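Reader: I'd like to go through this model with you, starting with the helix packing and then moving on to the loops. Could you put it up first?

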Amino acid sequence: MMSFVLAGRDTTASSLSWFLYCMCMYPDKQEKIFEELINMEKLIAKRDGNTNETHGTVVSYDDAVISNEVISKIVQGKKTASNDGFGSNFIMVAKKFADEVMTYENLQSSCLPYLHSAIAETLRLYPAVPRDGKVALEEDILPDGTHLKAGDQVVYVPYSMGRMPFIWGPDALAFKPERWIHDGRFQPQSPFKFTAFQAGPRMCLGKDAAYLQMKLTAALLMRFFRFELVPNHPVEYRMMNVMTMKHGLKVNAVARETIQDS
């Protein structure tokens, strides 16, 4: 259990950083995720009969409405009399959204196919573990006929594999969540093609937990904020066991409307 938790800490945090970077670079994809979340709210509201005549979102935010000006000041780290109660107020809003919309069932890929696809696409281009290797315990033969001796090391590079046109097509370098969606549903790829979570007997045990954590966090961020990369901020990777950002990620968070009209 300790290995399970520790192995997923840095990898999940790093992946979310690269996800936000991709959202900043492709704002149209960011808006599609936001629209998907709003549509889910409205569907749940219609199902449960929680809509009112003015707004179509499932969560009634009336008791926790926060002005965009107040949210913006908080994001900038400014404390004023008007936002003094922001902490408890905003937590109330986020908690209602998480409790009533971001349930375990609604976080599945079938309910949020575009969000799931955007995270998978991020991991394709920016895998948390960019380079990995295995050691042969005994003599073996690879599928292509390569002979291995006991003790030989085989290294593969998910970072490079995710950018190879002969694997992903001529648009391999493009951030394109749509490549994962067929007939409106998320279509997983072979783990031997999409190697972010390894494959075979060594498939990552925390794969589903990682997706769940990333989708919940990403959904909360995308629902209430729009992100823009700080101008001239350098974004480079640091090649280590986990692919982190060399200079971190500096973004501007712009508050969205808390309540969306139906």
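Reader: At what angle do the axes of helix H2 and helix H8 cross?

Author: Bearing in mind that this is a predicted model, the axes of H2 (residues 27–48) and H8 (residues 207–224) cross at roughly 95° and come within 9 Å. Since angles of 65 to 115 degrees count as roughly perpendicular, H2 is described as roughly perpendicular to H8.

Reader: And which residues make that contact?

Author: From H2 the contact uses Gln30, Ile33, Phe34, Leu37, Ile38 and Glu41, while H8 contributes Ala219, Met222 and Arg223.

Reader: What about the largest nonpolar core, how many residues has it got?

Author: The largest nonpolar core has 45 residues, and those with the most contacts inside it are Phe19, Ile33, Leu37, Met102, Leu115 and Met222. At least two residues of this core come from each of H1 (2–25), H2, H4 (86–100), H5 (113–125), H8 and E7.

Reader: Which of them supplies the largest share of this core?

Author: That is H1, with eight residues of the core.

Reader: Going back to methionine 102, what does it touch?

Author: Leaving aside residues up to four places away in sequence, methionine 102 touches Leu37, Met40, Phe97, Leu107, Leu112, Leu216 and Ala219. Of these, Leu37 and Ala219 also belong to the contact of H2 with H8.

Reader: Now H5: is it mostly covered or uncovered?

Author: H5 is mostly covered, as 13 of its 13 residues are buried.

Reader: And how far apart are its end C-alpha atoms?

Author: The end C-alpha atoms of H5 are 18 Å apart, which agrees with the 18 Å that its 13 residues should span at 1.5 Å a residue.

Reader: Switching to the backbone, which phi does aspartate 183 have?

Author: Aspartate 183 has a positive phi of about 55°, although it is not a glycine. Most residues other than glycine have a negative phi. Aspartate 183 sits in the loop between strand E5 (181–182) and strand E6 (185–186), and its relative accessible area of 82% makes it exposed.

Reader: Where is asparagine 232, then, and is it buried or exposed?

Author: Asparagine 232 lies in the loop between strand E7 (225–229) and strand E8 (237–238), and at 81% relative accessibility it counts as exposed. Asparagine 232 likewise has a positive phi, of about 70°, without being a glycine.

Terms used:
Residues numbered from 1 in each chain as written. Predicted model: local features only at pLDDT ≥ 70, side-chain atom pairs only at ≥ 80, totals over all residues. Heavy atoms only, no water. Helix = DSSP H or I, 4+ residues; strand = E, 2+ residues; numbered from the N terminus. Buried < 20%, exposed > 50% of the residue type's maximum accessible area, 1.4 Å probe, protein only. Axes fitted to C-alpha atoms, helices over the stretch in contact; angles between N-to-C directions. Parallel < 35°, antiparallel > 145°, perpendicular 65-115°, else oblique. Contact = heavy atoms within 4.5 Å. Core = buried A, V, L, I, M, F, W, Y, C linked by side-chain atoms within 4.5 Å. Expected span 1.5 Å × (residues − 1).
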